[in-house]
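The sequence and structure are shown below.

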Amino acid sequence: MKKTLLILLILYGNMGLTDLKLFGSSEKLELKTTEATLVVDQKGILKIIQNKGQGIQINTSLDDLWKIVLINNLKNKEYEFTPEKNFSINKSRDVIRLSVNSFTVENKVLPVNAEFTISVKDDAFCFSGSLKSESDEWIFKELIYPDISGIKINDKNVKIYWPHDFGQCFNDPGAFGNRSFEYPSVEGTMSWFSLNSPEEGLYLGSHDPLQGAKKFNLTYNDADRSFNTGVFFPVYSSEFLVPDIMIKPYSGRWYSASKFYRGWYDRNFKIASVAHWANDCEGYMLTILKQQNGEVMYNYKDVDKLCDIAEKLNFRLIGFWGRGVGGHDHLYPNYMPDNLSGGREEMKKAIARAHERGFKVIVYTNGKIMDTSTDYYLYNGIETILLTESGQPKLELWKKHENSTPYIFATACPGSALWRKTLLDLAIDAQSLGADAFYIDQLAQCSPVSLMCFSEHHDHKLPQEGYSKYRIMMMHDIREKMKENDPEFSIMTEGINDAMLADADLFQGAPGNINDPNGFPELFRYTFPEVIGVTANADPGLERSDANHEAVYGLRHEIMSRYPADADYLQHGNIPTKESYSNITGPPDIKKFTEASAEEVTAYTHDLFQFENDNADYFRSGKFIDEEGIKISGNEIMGKGFINGGKIGVVVWNKHLSEKRDFSVSVEGYRLAKATEPGKPEINAFSPLDANSIRLLIFERD
Ligand SMILES: [Zn+2]
């Protein structure tokens, strides 16, 4: 019965085929979305044209639509294939299929097939396909598909929205030039980008439920003002299903592209529900207890000194960095408490004391590297380290003091079961010490294509899986285990990418540099407004402009105490000099954090955090809506909105450093209810805003 049905379906399928010769056919191959039409013409040109206005046009030759690299395992030789008219094309049930006729090397046909498809999915043009080799002799090494050129946007004001870190926006395509990002990594935190004129845009995104390793490229060609783009996949397999690459012309601003991506994301993934205390935290105070050179700034018994500083600044989360026997950036992954600093029992007492005083404690580990001078590396390195294609370890050198030799670290591979267990055991140990949260350094940043692992001692079948599939697994296993014992236990990692949103609570160094001239944190904040980003600040003081800048985006804050002069500044208010850091390789930005006195910096940090906490409905639990539906005007005035229930809070910042500024804000369909500033619970909403000051205007729905 079933067999008959299958045969009938196959017959029906064949009957439904509209076979077309690529060249010379009178029939067009055509697909339509609500807003655009895709056509393959008689000359083999694939065109995408926007229905209205024709502001966006793509004209790309099918002859460049893919590039396949095959490896012959016996000869250890690579061969590259492009379409070169060696394919057939047909359309069946609204799917355009392009099949490679044959792969030929030295007049020999290889036992290899490739088919590419174009269809309409979720109202976008979906580029997909499959690769298959029937012989172990031949495997696919890599694929670029789709490779699209001739993208033109008929408007002078084209902006490029790019998912580097929390996002970038380029106003000048010429200055953008040629860029790539790997996903998932901090250079490609989401798997989409868009080109947008004021009225319309073009979305390109990968909708891959496996969140596999890939690399996006975009190039602007000055000569004819066109863009070309391609998606690169490492394959290293005899079979590959090309995940959906979506191309979608749309009307309106970049918000539409962001919502399209988020819609897909929500159908496939669930973002971690964050512990209450972590959701409400101001950020954290990173304190290195013992430095790389063995210099101890704080013994475990000194915890009250740290609590005093945190209290003055209004941080509720204290980070114990350099907590292990080797100090910071030394002897990883050996983090056993340092006996000279007090040993394990004193560490537990220190954490308990911080709890008594109302603080939470997060402890440091590194998820990516191990010190090659450790017994761990000596005995377990072969099982845990990443090996490059040429069979070499991938090394990182870290040196904190000018007069020291660098410490050598090898990159680990999360595809190693032992490395995953090592990190899990460290998290269990941190929990047993009483810590509230576990920090995993460098992990969310890593780029899975650059960090492919060719070790044969690991769980991954494919080299690109170490920092994609197995990194996700490692984070997932750690968080699940920690939550079993304490549902409020939290994980923080360095960097961010959306493949890790299900398995971490806080993302540190996200955005990595809020002052990047092309920085556009709006992109990630708007797409994932509930995700908590803690900015990077390597100084012991939080400079007022940075603090305000972070607050406007609803980001969380950081200070770092790394060196004796930092500790002295925080404990006693003594301003460091250049000489204080003369032997330090990466000193803080002294000029920046010492422009105001330590007292002023401390007081403003305290008041700002209090202001954010008093208005937690917006700063902690509000949904970031950027400027959607909000009109803000004023010279050097910046403002962003946060919605919560029937209210919208607009945080306005006068960026000018010495002058007051007039401004105006209105929200469509809402009326002003209240205005407040740090240290001023009630204030006239539209009185001029003081220099480098912020104000929250709360609007209620009409
Ligand atoms: Zn590996």
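In which helix do Y261 and W264 both lie? Both belong to helix α3 (residues 254-268), three residues apart, about one turn of the helix; helices are DSSP runs of H or I with at least four residues, strands runs of E with at least two, numbered from the N terminus. The model is predicted, with local features needing pLDDT of at least 70 and side-chain atom pairs pLDDT 80 or more, while totals for chains, interfaces and linings use all residues. Residues are numbered from 1 along each chain as its sequence is written, and side-chain values use heavy atoms, without hydrogens and water.

Rings of Phe, Tyr and Trp (its six-membered ring) pair if their centres lie within 6.5 Å; planes under 30 degrees apart are stacked, over 60 edge-to-face and the rest tilted. The count comes to 49 aromatic pairs. Two of them are tabulated.

| Pair | Centre distance | Plane angle | Class |
|---|---|---|---|
| W162 and F176 | 5.0 Å | 80° | edge-to-face |
| Y261 and W264 | 5.6 Å | 45° | tilted |

W162 in strand β15 (residues 159-162) and F176 in helix α2 (residues 173-176) are 14 residues apart. Y261 is buried at 0% relative accessibility, where buried means under 20% relative accessible area, exposed over 50% and partly exposed in between (1.4 Å probe, protein chains only). Ring pairs link Y261 and W264 into a cluster including F260, Y265 and F528.

D498 lies in the loop between β30 (490-494) and β31 (506-508). Its contacts (heavy atoms within 4.5 Å) beyond four places in sequence include Y261, Y265 and F528.
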